[in-house]
Amino acid sequence: MRREINEIPGVIATFLDKSGTVLDAAAAALRERDPNVIATVARGSSDHACAYLKYAAELTLGLPVASIGPSIASIYGKDIKLGRGAAIAVSQSGKSPDIVGMAQSARRSGALSIAITNTAGSPLAEASDFTIDLLAGAEKSVAATKTFVASVVAGLALIARWSGDAALLAAVNDLPEALEKAVHCDWSEMIGALDGHNALYVLGRGPGFAIANEAALKFKETCNIQAESYSAAEVMHGPVAIVTRGYPVLGLAARDAAETSVAEMTHKLAGQGALAFLTSSLPGAAKALPFAATGHSITDPLALIVSFYGLVEALSRHRGFNPDLPPALKKVTETV
């Protein structure tokens, strides 16, 4: 896992260097189709990547994005009316029957179907009009890292081309350098601070909420910590009741319009006694963590997860686990 985290900047550089042709073709097809909705199909970390792309597409294109439950096709045997839509399916392996089945259903219903996968010849690729190969190489750790980041970058690169957003495209192209800095952000002060704790909250908003979802999953699968992710706006609607003195909170604030909201909530919880950490320089009671700014509000949250991956890998080993082989998990999960 540590090796694959270190590979992330190079993987992204390779993807951006070699994927322009398919990205341009898919973007052109999307402009011609001019869909009125985008449906996403994924599970696990790939679904968190889709949640990130939901915010990016809605902010950039003004199009609604909906996550379609794969069981609608695989278990319930129903097709969704997507004749004027686009469908983006994300899967590292491209093999899970329910993801493939939903992608087939979307295409059958008339959607322009796009696969984002690290396995170009997979069943998911065969079920799609366009396949965006992540070119990430083999990912051996059960916990996805480089394929998650590459999936988000693939979607952002596609959205930038589709929308004609030159600033976003430039920010995406600059990501390898920013992510190299993110790899070296040191969050190790959290490791000892979490001794004796088996539950925590991860907060975010916008694309940063998708990153909070991914971070919470990684805490669970590599460290056996019952981590829950919440919007910084949602945590006050009940969940705050269990934030007693010393309860750990990680606020993932990006350099975007939601930074103040996430920072204020994290500082507020710290002021109430929570053991709170925050990726922002906005002053307050929470402990500040270093971050690598990307210079663009839509790409900035992605750098946070790269820094987080380094923390959670080290935390897993500190707690006596093998982060590469979490118990009861396997690399390719094939669900129906």
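Select strand β3 and display its side chains: Gly85, Ala87, Ala89 and Ser91 point one way, whereas Ala86, Ile88 and Val90 point the other way, and all are buried. Buried here means under 20% relative accessible area, with exposed meaning over 50% and partly exposed lying in between (1.4 Å probe, protein chains only). β3 covers residues 85-91, and seven of its seven residues are buried. Strands are DSSP runs of E with at least two residues, helices are runs of H or I with at least four residues, and both are numbered from the N terminus.

The model is predicted: local features need pLDDT of at least 70, side-chain atom pairs count only at pLDDT 80 or more, and totals for chains, interfaces and linings use all residues. Residues are numbered from 1 along each chain as its sequence is written, and side-chain values use heavy atoms, with hydrogens and water left out.

Two strands pair if DSSP finds at least two bridges between them. Select β1, residues 37-41, which pairs with β3 in the parallel sense over five bridges; Val37 stands opposite Gly85 in β3. Then select β4, residues 112-117, which also pairs with β3 in the parallel sense, over six bridges. In this pairing Ala89 stands opposite Ala115 of β4.

Leu278 has Ala288 in β10 as its bridge partner.

Finally, show the whole protein. It contains 13 helices and ten strands, and its C-alpha trace spans about 55 × 40 × 40 Å along its principal axes. The radius of gyration is taken over C-alpha atoms, and the globule rule is 2.2 Å times the number of residues to the power 0.38. Because a compact globule of 336 residues would have a radius of gyration near 20 Å, the 19 Å of the protein agrees with that expectation. Of the 336 residues, 57% count as buried. Among contacts (heavy atoms within 4.5 Å) between residues at least 6 apart in sequence, 76% join residues at least 24 apart.
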